[in-house]
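Here's a walk through one model, going from strand pairing to charged pairs and then to a single loop residue. Have the coordinates open as you read.

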Amino acid sequence: MEIEASNDQPRIQFGPRRLIAKPQGASEFSSARFTADGRNALVQLNYSHAALVDLESGQYGPFFTNHATLAGLAISPDKQWVVTSTHSDTPARIGDARTGKIVQEFGLGSLGVNFSPDGRWLATSGGNETAIRDVSTWPPRHRFARQLATGSPGHAVFSPDSQLL
């Protein structure tokens with residue numbers, strides 16, 4: 001990332017502009033989650049499909065086509081796991097980022113999904129709670145009730161050192 005100031009207006013540039021072709025059947029790129037190294041992104045292609053894309057080559061990896069209404073995306077810092085969540089009453093799903101195989105399902109309507117920076121934890125927000133899951137076993141280790149159970153639950157975000165939520 002490059003930051004420069006000119007005429008008292010800061011300018012932030014994240015890298016050279018590059019077009020990436022949409023795969024067949026993709027209607028839009030409505031959201032994306034980038035890996036820490038900036039080389040890959042998990043992109044939502046339409047309401048039910050997501051895919052990993054190599055941003056240097058423009059090549060697509062595994063496709064995740066397992067939801068009727070995608071709501072959230074997350075990719076683990078080590079690029080091993082992908083999580084997709086939904087607006088509807090279907091489970092969030094964890095997939096192997098290399099093969100696309102679904103390895104775990106949990107919860108109903110988990111809108112917010114986010115890995116900790118150290119990759120040890122996955123936070124899921126939905127319904128009336130936020131759950132913190134140990135990535136080595138997946139069941140929730142901690143649960144926090146929502147104080148206001150109206151509207152969307154939002155995303156749980158970890159501090160850079162993964163110690164605070």
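## Strands, salt bridges and a serine

Let's start with a pair of residues facing each other: Ala 41 has Val 53, in strand 5, as its bridge partner. Keep in mind that this is a predicted model. The strands behind that pair are strand 4, residues 40-44, and strand 5, residues 50-54, and they are joined in the antiparallel sense by five bridges. Strands of a sheet pair through backbone hydrogen bonds, in either a parallel or an antiparallel way.

Zoom out a bit and you get an open sheet of four strands, ordered 3-4-5-6, with antiparallel pairing. At its edges sit strand 3 (31-34) and strand 6 (60-64), each of which pairs on one side only. Going from one strand to the next, the twist averages 20°.

Strand 9 (residues 92-96) and strand 10 (residues 102-106) run antiparallel and are joined by four bridges. Within this pairing, Gly 95 stands opposite Ile 102 of strand 10. Five residues separate the two strands of the hairpin, and in the turn Gly 100 has a positive phi of about 85°.

Now for the charges. How many salt bridges does a search of the whole structure find? The count is five. Side chains of opposite charge can pair when their charged atoms come close.

| Glu 105 | Arg 93 | 2.7 Å |

Are the two partners buried or exposed? Glu 105 is partly exposed, at 44% relative accessible area, whereas Arg 93, at 15%, counts as buried because the cut-off for that class is under 20%.

Glu 129 belongs to strand 13 (residues 129-134) and Arg 143 to strand 14 (residues 140-145), so the pair ties together parts 14 residues apart in sequence. Glu 129 counts as partly exposed at 26% relative accessibility, while Arg 143 counts as exposed at 52%.

Last stop: a serine in a loop. Ser 76 is found between strand 7 (70-75) and strand 8 (81-86). Buried or exposed, which is Ser 76? Its relative accessibility is 2%, so Ser 76 counts as buried.

What does the side chain of Ser 76 meet in the way of polar groups? There's a polar contact with the side chain of Asp 78, at 2.6 Å. A polar atom of the Ser 76 side chain also lies 3.1 Å from the backbone nitrogen of Gln 80. Leaving out residues up to four places away in sequence, Ser 76 touches Trp 81 and Phe 115. Gly 119 is 43 residues from Ser 76 along the chain, yet their C-alpha atoms are separated by 5.9 Å.

Definitions and conventions
Residues are numbered from 1 along each chain as its sequence is written. This is a predicted model: local features need pLDDT of at least 70, side-chain atom pairs count only at pLDDT 80 or more; totals for chains, interfaces and linings use all residues. Side-chain values use heavy atoms; hydrogens and water are left out. Two strands pair if DSSP finds at least two bridges between them. Axes are lines fitted to C-alpha atoms, for helices over the stretch in contact, and angles run from 0 to 180 degrees between N-to-C directions. A salt bridge is a side-chain nitrogen of Lys or Arg within 4 Å of a carboxyl oxygen of Asp or Glu. Buried means under 20% relative accessible area, exposed over 50%, partly exposed in between (1.4 Å probe, protein chains only). Contact means heavy atoms within 4.5 Å. A polar contact is a pair of N or O atoms within 3.5 Å; within protein, one must be able to donate a hydrogen and the other to accept it, and residues adjacent in sequence count only if both atoms are side-chain atoms.
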